[in-house]
Amino acid sequence: MPMGHTATAEAGSGGLTATEHRLANGLRVVLSEDHLTPVAAVCLWYDVGSRHEVKGRTGLAHLFEHLMFQGSGQVKGNGHFELVQGAGGSLNGTTSFERTNYFETMPTHQLELALWLEADRMGSLLAALDDESMENQRDVVKNERRQRYDNVPYGTAFEKLTGLAYPEGHPYHHTPIGSMADLDAATLEDARAFFRTYYAPNNAVLSVVGDIDPEQTLAWVEKYFGSIAGHDGKPAPRDGALPEIIGEQLREVVEEEVPARALMAAYRLPEDGTRACDAADLALTVLGGGESSRLYNRLVRRDRTAVAAGFGLLRLAGAPSLGWLDVKTSGDVEVPVIEAAVDEELARFAEEGPTAEEMERAQAQLEREWLDRLGTVAGRADELCRYAVLFGDPQLALTAVQRVLEVTAAEVQEVAKARLRPDNRAVLVYEPVAAEETDADAAEGTDEEAAK
Amino acid sequence: MTELATMDFHPQPQPGEARPWAFPAPERGALDNGLTVLRCHRPGQQVVAVEILLAAPLEAEPQGLDGIATIMARAFSEGTDKHSAEEFAAELERCGATLDAHADHPGVRLSLEVPVSRLPKALGLLADALRAPAFEDSEVERLVRNRLDEIPHETANPARRAAKELSKELFPATSRMSRPRQGTEETVAAIDSAAVRAFYEKHVRPATGTAVVVGDLTGVDLDALLGDTLGTWTGSAAEARPVPPVTADDTGRVVIVDRPGAVQTQLLIGRVGADRHDRVWPAQVLGTYCLGGTLTSRLDRVLREEKGYTYGVRAFGQVLRSAPDGTGAAMLAISGSVDTPNTGPALDDLWKVLRTLAAEGLTDAERDVAVQNLVGVAPLKFETAAAVASTLADQVEQHLPDDYQSTLYQQLAATGTVEATAAAVSAFPMDRLVTVLVGDAAQIEAPVRALGIGEVSVVSAE
């Protein structure tokens with residue numbers, strides 16, 4: 001097994017280090033030692049998400065993720081959950097547009113078990129996958145969809161807005177949960193083919209972080225994963241590239257049984273991994289992150305036209321990212337009042353740029369968010385996989401906060417001016433109707449689906 | 001329909017030797033103003049967590065002003081004698097800090113998280129908020145309006161709606177616990193800044209408060225820092241507050257909150273039982289976990305992994321309020337959502353699970369796995385400063401000793417299958433459960449009546 005270099009801590013990495021290795025079958029491995037607490041996190045990212053799905057089979061990547069917990073060659077039924085929990089570990093899996101991840105956090109002395117379990121399903125899932133699991137998990141996922149999207153107010157907003165922001169046929173046009181019709185249509189053979197295509201060691205990155213002995217850990221990884229054959233049959237995902245600007249304002253009015261009017265919008269923003277994306281993150285934080293942001297001050301504090309107002313960033317590497325606006329109106333305030341105020345604030349920001357104090361606040365907020373994410377072994381393991389899978393270099397995870405702190409006010413203003421414009425957004429307006437007129441009703445969208 | 005794998009299989013590995021870990025023991029002290037302080041150094045945790053507990057319980061809210069503790073909690077971050085509301089929010093965010101505040105039955109709690117490098121500044125702001133909150137008329141008025149705007153959103157949320165109904169059913173109308181924690185439209189609308197200030201003056205003072213500080217405190221002179229910040233807060237001496245006993249009516253019955261067209265039914269099945277002062281608590285935790293703590297527990301094994309009726313159903317015990325004399329109580333409940341057409345069959349299966357548990361008990365294997373999980377996950381669960389601070393604060397709020405959590409782990413490990421079974425069965429007796437169903441009455445009422453799990457009534461969602 002070729003050993004990677006042992007990295008020394010880079011500037012801005014907070015003293016954290018990571019080493020990289022690759023097995024002969026193509027599995028990339030990232031290790032990061034930290035002995036503060038006797039725990040170790042295992043994280044496995046497969047480079048497959050809902051963007052790889054084809055027409056008529058939306059939701060398959062996520063449904064498949066559920067099937068990964070239904071047993072494999074040497075693991076019976078729910079054994080994966082039972083064994084990890086019985087060892088004092090915690091675990092789950094999630095599916096997003098761009099990847100599927102599986103993770104276990106274990107007491108140090110149980111690390112080997114987690115590696116054995118992950119290898120077993122990577123190498124032998126199809127030895128256990130049967131119709132019974134498929135039918136059962138299809139029902140579970142349909143109930144997940146109902147619970148998180150269809151049965152809560154505004155629950156389908158994320159799906160609707162994504163559908164507007166990315167054109168028909170675009171790999172990000174549909175969300176990971178998929179449609180009920182497609183979930184019904186998926187077959188066992190689809191699941192088997194999905195596994196054979198995407199679940200290969202050379203399409204995955206494994207990170208192990210925490211109280212570990214790197215040499216011993218690598219030996220275990222080689223022992224359990226080393227004999228799983230790699231293969232190259234994976235089709236490239238459809239191209240997610242789009243022009244920088246939508247060029248018109250896309251709009252949908254939803255009349256549903258919701259408690260209040262709402263204005264939501266998705267702005268097309270630079271791809272994750274670029275300095276411009278970090279600049280956009282800062283712009284959205286100044287404008288709509290927290291209770292000192294421009295939109296919160298304007299709509300909630302001063303105009304008192306909204307009960308909640310904020311911006312979020314959905315970072316995406318294979319397609320433009322989305323800047324996510326969500327405003328719920330106060331009392332009987334109408335949406336055009338909100339929209340005019342938002343447009344005015346965005347235009348003023350593009351004209352003036354952020355103040356020095358706003359930059360300081362936004363950078364301090366994003367810095368704390370990074371400290372939080374890297375503050376647990378599981379969070380660090382996930383970020384190392386993310387940078388390895390999406391950008392080819394796990395070390396970038398350890399310096400991400402530094403890059404955010406280097407962005408200048410001029411760059412923030414530039415991205416706001418270029419992107420946060422009315423002709424670069426998809427808008428979703430909610431108008432409440434009485435109960436009798438509808439049967440759909442719906443919480444906030446998310447880009448991740450979890451198995452548990 | 002399976003295929004052979006080509007990998008080399010190895011036997012399941014055996015665990016190595018467990019490395020010792022213990023729940024951190026805090027250091028306890030007090031400031032000159034009477035504020036109790038618990039501190040705990042956690043190496044590597046750069047984001048420090050500070051919890052402030054104030055002895056302003058919901059039952060102290062004046063008649064007709066339910067929600068005033070919530071408004072006061074929120075108003076702490078809306079300006080002080082040094083900063084306007086907007087400036088205060090800006091200064092906190094400039095520290096990279098978050099400050100949450102909420103009011104619950106035991107009292108008001110403020111939670112600050114901040115990178116250690118900016119702890120002094122953030123503690124200064126927190127102290128200002130407690131010592132000299134502005135409670136400006138216009139800010140309180142805005143918070144009241146904002147709170148009124150939130151209520152319809154909660155009513156429309158099936159899980160929130162179910163919780164509200166269960167409280168109303170379980171507790172007598174005279175009990176504060178029967179009514180929404182954050183007030184109703186009528187009571188919130190009656191709150192103004194004078195009332196908030198009066199509530200603050202009556203119930204908020206350092207002598208009855210506690211601060212919990214957890215994180216990597218290397219190089220931090222915490223005594224000096226606390227003295228300069230929270231130490232400047234003054235107030236009168238502590239006075240004991242009598243706590244009314246918790247009573248509840250758990251006669252088995254069903255309330256359907258009608259939500260026409262709902263594609264799922266939200267279930268909340270509950271009653272009131274022992275809190276952490278009761279010797280049964282460890283066995284109750286264990287038994288409840290075996291019943292519905294996770295995806296491999298009894299409820300989900302059937303309802304999710306066999307039948308596919310749900311994304312997940314959980315059983316849990318949550319302390320409502322504790323008292324030093326042991327008269328406190330916890331809410332014991334089962335919650336989840338099931339698809340509308342399978343509501344009857346899912347409840348039928350749920351009761352079968354309870355019946356089987358009562359008839360046959362837990363197995364030793366189930367008990368063992370549960371103990372291994374509940375005790376084994378401790379080092380994972382308490383990795384962050386925030387998790388440690390929150391548990392230490394819970395202990396204080398519930399009048400428990402500072403070493404309660406570590407003792408609990410020893411007790412769990414010593415609890416046998418028979419005790420866990422007995423505790424689970426008495427926590428969830430089949431005929432003493434109040435079932436709230438938020439769903440489409442036209443579709444679920446008849447099948448639920450047919451189950452015979454208690455008298456069924458239907459109420460409107462609004």
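This is a predicted model: local features need pLDDT of at least 70, side-chain atom pairs count only at pLDDT 80 or more; totals for chains, interfaces and linings use all residues.
**Chain A as a whole**

Chain A has 15 helices and twelve strands. Its C-alpha atoms fill a box of roughly 65 × 55 × 40 Å along the principal axes. For 452 residues, a compact globule would have a radius of gyration near 22 Å; chain A has 23 Å, which agrees. Of the 452 residues of chain A, 60% count as buried.

**A sheet in chain A**

Strands of a sheet pair through backbone hydrogen bonds, either parallel or antiparallel. One open sheet of chain A has five strands, in the order 7-11-8-10-9, and its pairing is mixed. Strand 7 (250-256) and strand 9 (306-314) of chain A stand at the edges. Each has a single partner strand, so one side of each is left without a neighbour in the sheet. Neighbouring strands of this sheet are turned by 10° against each other on average, direction ignored.

Strand 8 of chain A (residues 262-269) pairs with strand 11 of chain A (residues 425-432). The sense is antiparallel, and there are six bridges. Here A:Tyr267 has A:Arg425 in strand 11 of chain A as its bridge partner.

**Strand pairs side by side**

| Strands | Sense | Bridges |
|---|---|---|
| Strand 8 and strand 11 of chain A | antiparallel | six bridges |
| Strand 1 and strand 2 of chain B | antiparallel | four bridges |
| Strand 2 and strand 6 of chain B | parallel | six bridges |

Strand 1 (residues 27-30) and strand 2 (residues 36-41) of chain B form the antiparallel pair. Together they make a hairpin with five residues between them. In the turn, B:Gly34 has a positive phi of about 100°. B:Glu27 has B:Arg39 in strand 2 of chain B as its bridge partner. Strand 2 of chain B also pairs with strand 6 (residues 210-215) of chain B. There, B:Leu38 stands opposite B:Val212 in strand 6 of chain B.

**Helix 2 of chain A**

Is helix 2 of chain A enclosed or open? Seven of its eight residues are buried, so helix 2 is largely enclosed by the rest of the structure. Among the buried residues are A:His80, A:Phe81, A:Leu83 and A:Val84. Their cover includes strand 4 (90-95), strand 5 and helix 3 of chain A, together with helix 12 of chain B. Just after helix 2 of chain A, A:Gly88 takes a positive phi of about 80°.

Two packed helices are described by the angle between their axes and the distance between the axes. Helix 2 (residues 79-86) of chain A and helix 12 (residues 364-376) of chain B pack at about 60°, with axes 7 Å apart. The two helices are therefore oblique to each other. A:Glu82, A:Gln85 and A:Gly86 meet B:Val369, B:Gln372 and B:Asn373.

**The contact between the chains**

How many residues does each chain give to the contact? Chain A gives 73 residues and chain B gives 70 residues. Elements that give two or more residues on the chain A side include helix 2, strand 5 (100-107), helix 3 (111-124) and helix 4 (131-150). Helix 4 of chain A supplies the largest share of that side, nine residues. By class, the side of chain A that touches chain B has 25 nonpolar, 28 polar and 20 charged residues.

Terms used. Residues are numbered from 1 along each chain as its sequence is written. Chains are lettered from A and ligands numbered from 1 in the order in which they are written. Two strands pair if DSSP finds at least two bridges between them. Axes are lines fitted to C-alpha atoms, for helices over the stretch in contact, and angles run from 0 to 180 degrees between N-to-C directions. Angles under 35 degrees count as roughly parallel, over 145 as roughly antiparallel, 65 to 115 as roughly perpendicular and the rest as oblique. Two residues are in contact if their C-beta atoms, placed from the backbone, lie within 7 Å. Ala, Val, Leu, Ile, Met, Phe, Trp, Tyr, Cys and Pro count as nonpolar, Asp, Glu, Lys and Arg as charged, and the others, Gly among them, as polar. The radius of gyration is taken over C-alpha atoms; the globule rule is 2.2 Å times the number of residues to the power 0.38. A residue is buried if 20 or more other C-beta atoms lie within 10 Å of its own, exposed if 12 or fewer, and partly exposed in between; C-beta atoms are placed from the backbone.
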